[in-house]
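Please keep the sequence and the structure at hand while reading.

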Amino acid sequence: MSRNITILGSTGSIGRQTLEVMEALGMGAAALTAHSSVERMEEQARRFRPELAVLADERAAADLRVRLADTNVRVLSGQEGLLEAAALPEADTVVAAMVGMAGLRPTLAAIREGKRIALANKETLVCAGPLVLEEARDYGARILPVDSEHCALFQCLEGNRDRGEVKRLILTCSGGPFYGKKRQELQGMTREDALQHPNWSMGAKITVDSATLMNKGLEVMEAMHLYQMPVEKISVVIHRESIIHSLVEYCDNAMLAQLGTPDMRLPIQYALTWPRRVAGGPGTPLDLWHCGPLTFGEPDLDTFRCLALALEAARIGGTAGAILNGANEAAVGLFLEGKIGFLDIADKVALAMEQVAPVQDPALGDILEADRAAREAVLASR
Ligand code: NDP
Ligand code: MG
């Protein structure tokens, strides 16, 4: 069980919910990091009194240093600050809750110190899954998934002794705000439309990924790496209610599912308390008498092309995940700035996948280069 925790991305949606869990369970903060949210970071640092607070942005960090001058919280900035926070000896656990590929290096730094990693930052595994898992094995760092589907799979796989007995991993997918719509109806969808998620309140990037279903594609790759399963043995089922968080089908046709309210504090708590289960957390219980019927359906891969592209990248392997992810991060950034339309996101990702050649068995340098080239392909196509 975790006692002293560093959060990479403490001011975000996952970061703030992690602090709620920590407060309820009496866990301490070793270091807190963010990009530039100075007010929120000041508030968190005063409340949780970490040893170290880091803002990647230099100016914001300078401002924070002045604001926290009356405390003994040390303030650092930049990439070096993030790496120092990730490796801080006082922490037993590092919650990787930064958004995007930017989380890769700090997560690797935490792994190299043998920390328990509560991993929300799925992009890290999509880009560098084999590398991250190899380092985790070498340095004895345990990775516990925070993503609700993967936490569900983790729980449904506990007690499984032979992976050969697993027939399929089944990831549930809410379908997002545009479920049931066809391509032509998605043409004019705006940032505001895409940011309305039916069941979950999350950061902007993952909310757009949930609208395109890219999020589910990234999650298929995350599951492949975490549970060492080929993409052919991973399915996606539309489940609008987000009550069943995922399922495992075994070779005898038994299916195990994990259920709960759509509340990220539940998987966050499990990652922090594993292998124990602890009462008194802030997560909301599920009321089966009133949660209504549960429904299941097939995803529409023609309309939601991002999911099809991600499955293709998963089949290709190597740096294809980093290319898909880098292109998607760049395209979602442009969409959030109002510079491209909703359907352009999939077009840009497809274009980058055509233009950038994947490399098999990549080293870290190949992965960073694939990410850079994919972003460049998207930005150059405007
Ligand atoms: P948010 O956008 O809400 O938060 C992101 C956090 O990372 C913020 O603290 C932000 O700081 C920080 N950050 C962003 N960019 C950088 C950078 N370049 N350097 C340093 N810090 C940075 O994201 P979410 O909490 O929604 O998501 C975080 C991760 O968890 C993502 O990978 C997402 O896919 C995954 N996830 C999220 C879920 C959710 O319910 N939200 C569910 C499952 C997975 P600042 O505030 O200063 O910008
Ligand atoms: Mg998820």
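## Burial in a predicted model

A residue is called buried when its relative accessible area is under 20%, exposed when that value is over 50%, and partly exposed in between. The model discussed here is predicted, and the values below are computed from it.

Threonine 93, which belongs to strand β5 (residues 93–96), shows how the definition is applied: its relative accessibility is 1%, and it therefore counts as buried. Its side chain makes a polar contact of 2.7 Å with the side chain of aspartate 92. When neighbours within four places in sequence are set aside, threonine 93 is in contact with Ser2, Asn4, Ile5, Thr6, Arg116 and Leu272.

## Domains

The domain assignment divides the protein into domain 1 (4–145), domain 2 (150–261 + 287–315) and domain 3 (317–382). The centres of domain 1 and domain 2, taken over C-alpha atoms, are separated by 27 Å, and the contact draws twelve residues from domain 1 and 17 residues from domain 2.

## The ligand site

The ligand is surrounded by 25 residues, of which Thr11, Ser36, Ser37, Glu123 and Gly203 are the closest. By type, the residues of this shell comprise twelve nonpolar, ten polar and three charged.

From serine 36, a backbone N or O atom lies 2.6 Å from an oxygen atom of the ligand, whereas serine 37 uses an N or O atom of its side chain, which is 2.6 Å from a ligand oxygen atom. Glycine 203 places a polar backbone atom 2.8 Å from an oxygen atom of ligand 1. On its own the ligand has 910 Å² of accessible area, and the protein covers 86% of that area. Among the elements of the protein, those that give two or more residues to the shell are α1 (13–25) and α6 (122–139).

Helix α10 (residues 204–212) is mostly covered, with seven of its nine residues buried, namely Lys205, Thr207, Val208, Asp209, Ser210, Ala211 and Thr212. These buried residues pack against α6, α9, α11, α13 (305–316), α14 (320–336) and α15 (344–355). Just after the helix, leucine 213 takes a positive phi of about 70 degrees.

Glutamate 219 sits in helix α11 (residues 214–227), and because its relative accessibility is 1%, it counts as buried. The side chain of glutamate 219 makes a polar contact, at 2.7 Å, with the side chain of lysine 216. Apart from neighbours within four places in sequence, glutamate 219 is in contact with Lys122, Asp147, Glu149, His150 and Leu171.

## Loop residues and backbone geometry

Arginine 49, in the loop between α2 (38–48) and β3 (52–55), has a phi near 45 degrees, a positive value in a residue other than glycine. With a relative accessible area of 44%, arginine 49 is partly exposed. Aspartate 361, found in the loop between α15 and α16 (364–380), likewise has a positive phi, near 45 degrees, without being a glycine. The relative accessibility of aspartate 361 is 75%, so it counts as exposed.

Which kind of peptide bond joins tryptophan 274 and proline 275? The bond is cis, with an omega of about 5 degrees, and proline 275 belongs to the loop between α12 (265–273) and α13.

Glutamine 187 lies in the loop between α8 (183–186) and α9 (191–194), where its 54% relative accessibility means that it counts as exposed. Computed along the chain is not the whole picture for this residue: glutamine 187 and glutamate 23 are 164 residues apart in sequence, and their C-alpha atoms are 44 Å apart in space.

Terms used:
Residues numbered from 1 in each chain as written. Chains lettered and ligands numbered in written order. Predicted model: local features only at pLDDT ≥ 70, side-chain atom pairs only at ≥ 80, totals over all residues. Heavy atoms only, no water. Near = heavy atom within 4 Å. Polar contact = N/O pair within 3.5 Å; in protein donor to acceptor, adjacent residues only side chain to side chain. Areas by Shrake-Rupley, 256 points an atom, 1.4 Å probe, with all protein chains shown as cover. Helix = DSSP H or I, 4+ residues; strand = E, 2+ residues; numbered from the N terminus. Nonpolar A, V, L, I, M, F, W, Y, C, P; charged D, E, K, R; others polar. Buried < 20%, exposed > 50% of the residue type's maximum accessible area, 1.4 Å probe, protein only. Contact = heavy atoms within 4.5 Å. Domains from an automatic or database assignment.
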